[in-house]
Amino acid sequence: MNELEVKLIDDNGIRVDGRKLDELRPIKMEVGVLDKADGSAYIEHGKNRIMAAVYGPREAHPKHIALADRAVIKCRYHMAPFSVEERKSPAPSRRELELSKVIRESLESSVMSELYPRTSIDIFIEVLQSDGGSRCAGITSASLALADAGIPLREIVAACAVGKVAGKVALDPSDIEDKQGDADLPVAFMPKSNSITLLQMDGSLTEEEFNQALTMAIDACKRINQLQIEALKRKYVSVKEQAEERHEPKEATA
Amino acid sequence: MSSTPQLPPVAKVEQKTVVDFLVKGKRIDERGLTDYRSIKIETGIVQKANGSAMVHLGKTKVLTGIKIELGQPFPDTPNQGVLTVNAELVPMASPSFEPGPPSETAIELARVVDRGLRESKALPLQTLCIEPGKRVMVVFVDVYVLDHDGNLIDASAMSALSALITSKMKEYKVEGGELQTKDEPVPLGVKNEPVAVTTAKIGGNMILDPCLGEERVMDSRLTVTSGSDGNICAMQKGGMGSFSDQEVRQAVKTAIEKGKEIREIIRGATART
């Protein structure tokens with residue numbers, strides 16, 4: 001175990017996948033990837049492959065869960081059986097139930113749910129392939145799907161984890177760094193209002209290490225937030241181009 | 001599927017009272033902003049359990065029973081004993097608790113307590129292995145919430161730790177392929193003392209140990225669990241609101257300090273037995 005841990009960071013401070021300590025894994029986002037859902041987004045964050053979909057605001061089911069002064073937000077974080085090394089039972093685990101709750105809570109304050117009383121906004125997050133930090137990538141994509149559904153948001157929520165790898169605070173731990181690392185600190189953040197909406201930690205950190213890690217996480221969330229905004233813009237540019245093509249068909253060459 | 005909870009309606013005047021007090025630096029039960037309610041810990045309540053502890057945190061009551069049995073290790077950790085934490089929100093504890101499968105609140109509570117114990121390495125799981133890959137000790141921590149007057153996480157963590165510290169178990173050895181045991185039970189040998197400290201945020205004010213009246217109007221909470229070495233071993237933000245980064249840093253600092261005080265209370269209570 002210890003021998004492996006030493007290899008997680010080499011003498012030049014480079015990590016197993018060639019990253020620096022404050023470097024994110026490659027991230028790709030795409031908005032509006034599903035046909036039936038009111039809003040959807042797909043994210044590739046490292047080896048994470050996550051699909052998020054939003055339905056609503058729609059009639060709340062069962063009816064008694066509806067709230068008189070706001071929309072109910074429902075959230076399901078779920079991992080596909082094939083998303084991990086050993087097949088996972090499709091039944092929701094205690095981990096998935098807890099994450100569904102904290103992810104919902106991380107998105108609640110971003111949604112203007114008071115505009116849609118008695119309705120339900122349903123968020124589905126399917127982890128198709130899991131790497132480290134899947135709850136964070138799930139939040140990043142779910143917030144995009146909410147925006148894509150046209151639901152008024154105060155801000156888009158971005159999320160990223162920070163870990164402690166081989167004794168050093170390292171941004172965005174991958175699967176192996178998460179499993180063999182000494183700590184994991186997932187953070188969800190809204191930059192304009194300086195709001196931390198998700199914060200969890202396990203492992204061992206001193207107060208100084210925590211403060212350093214939190215600064216790193218917030219900085220990364222700001223970068224991810226930019227990527228989210230670009231992904232949203234890309235969709236609307238492509239929609240506009242398609243519409244223009246439909247209305248002004250190119251002159252047929254005779 | 002997790003959905004926005006339907007909380008019993010809170011009267012505007014109730015909310016206003018809590019906030020008005022906080023603005024003046026006071027609380028509805030006359031405590032200071034970083035004061036805990038009185039903490040009383042009784043151990044050895046349940047003789048049939050390997051260890052037990054009842055924590056009274058103000059009017060909140062949590063009983064934890066420990067059962068230690070022989071069992072099999074998980075395939076990925078053949079050399080380690082097993083730690084299982086479960087929490088029951090007993091229906092008698094609150095009008096909002098109902099019988100049935102564990103709610104997401106109960107699961108979150110159990111997992112936050114579990115994380116504190118596991119990540120601080122409070123239990124020497126290696127020494128709980130009898131025969132690698134075959135026989136290990138399995139430690140069941142069952143947290144029983146009996147009366148809910150707020151801050152279940154901190155009360156449950158105190159109760160689970162106190163029960164584990166005072167737990168005794170049979171010692172097993174394998175000699176010549178035979179399982180042997182001694183009559184005299186031995187302590188479990190707890191190595192670290194993780195203490196959870198929960199900060200609640202109400203209208204921009206930060207307080208420790210929210211009672212139910214305060215929890216009902218809080219925006220969000222942050223639990224920070226720290227070990228005997230003062231290091232943070234687990235954290236959990238809950239509730240639908242948010243914290244600024246300065247608020248989080250302040251909460252962490254306060255929680256580590258307060259954790260030391262609570263640890264002394266737990267040491268005092270568990271040393272008696």
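Here is a quick tour of this two-chain structure, starting with where the chains meet. Keep in mind that this is a predicted model. Chains A and B touch through 34 residues of chain A and 32 residues of chain B. The largest nonpolar core takes in 141 residues, and A:A52, A:V187 and B:L164 have the most contacts inside it.

**Where the chains meet**

- On the chain B side, four elements each put in at least two residues: β1 (2-3), α2 (104-119), β15 (232-238) and α5 (245-271).
- Which element supplies the largest share of that side? β15(B) does, with seven residues.
- If you sort the chain B residues that touch chain A by type, you get twelve nonpolar, eleven polar and nine charged.
- A strand from each chain joins up here: β9 of chain A (residues 195-205) pairs with β15(B) in the antiparallel sense, over four bridges.
- To find that pairing in the model, look for A:D202, which sits opposite B:A234 of β15(B).

- β6(A) covers residues 158-165, and eight of its eight residues are buried.
- In a regular strand, side chains alternate between the two faces of the sheet.
- Are the faces of β6(A) covered or uncovered? Both are covered: A:A158, A:C160, A:V162 and A:K164 are buried on one side, and A:A159, A:A161, A:G163 and A:V165 are buried on the other.
- One partner of β6(A) is strand β8 of chain A (residues 183-190), joined to it by seven bridges and running antiparallel. Here A:K164 stands opposite A:A183.
- Strand β7 of chain A (residues 168-171) also pairs with β6(A), again in the antiparallel sense, over four bridges. In this pairing A:V162 has A:L171 as its bridge partner.
- β6(A) and β7(A) form a hairpin with two residues between the strands, and A:A166 in that hairpin has a positive phi near 45°.

**Helices worth a look**

- α3 of chain A (residues 134-148) is 15 residues long and spans 21 Å between its end C-alpha atoms, close to the 21 Å expected at 1.5 Å a residue.
- All of α3(A) is tucked away, with 15 of its 15 residues buried. After α3(A) comes A:G150, with a positive phi near 80°.
- α2(B) has 16 residues, so at 1.5 Å a residue it should span 22 Å; its end C-alpha atoms are 21 Å apart, which agrees.
- α2(B) is mostly covered too, as 13 of its 16 residues are buried. Just after α2(B), B:K121 has a positive phi of about 55°.
- α5(B) has 27 residues and reaches 38 Å from its first C-alpha to its last, close to the expected 39 Å.
- An α-helix has 3.6 residues a turn, so residues three or four places apart point the same way.
- The buried residues of α5(B) include B:V248, B:A251, B:V252, B:A255, B:I256, B:G259, B:I262, B:I266 and B:A269. B:K258 and B:T270 of α5(B) are buried as well.

Technical notes. Residues are numbered from 1 along each chain as its sequence is written. Chains are lettered from A and ligands numbered from 1 in the order in which they are written. This is a predicted model: local features need pLDDT of at least 70, side-chain atom pairs count only at pLDDT 80 or more; totals for chains, interfaces and linings use all residues. Two residues are in contact if their C-beta atoms, placed from the backbone, lie within 7 Å. Ala, Val, Leu, Ile, Met, Phe, Trp, Tyr, Cys and Pro count as nonpolar, Asp, Glu, Lys and Arg as charged, and the others, Gly among them, as polar. Two strands pair if DSSP finds at least two bridges between them. The expected span of a helix is 1.5 Å times one less than its number of residues. A residue is buried if 20 or more other C-beta atoms lie within 10 Å of its own, exposed if 12 or fewer, and partly exposed in between; C-beta atoms are placed from the backbone. A nonpolar core is a set of buried Ala, Val, Leu, Ile, Met, Phe, Trp, Tyr and Cys residues joined through C-beta atoms within 7 Å.
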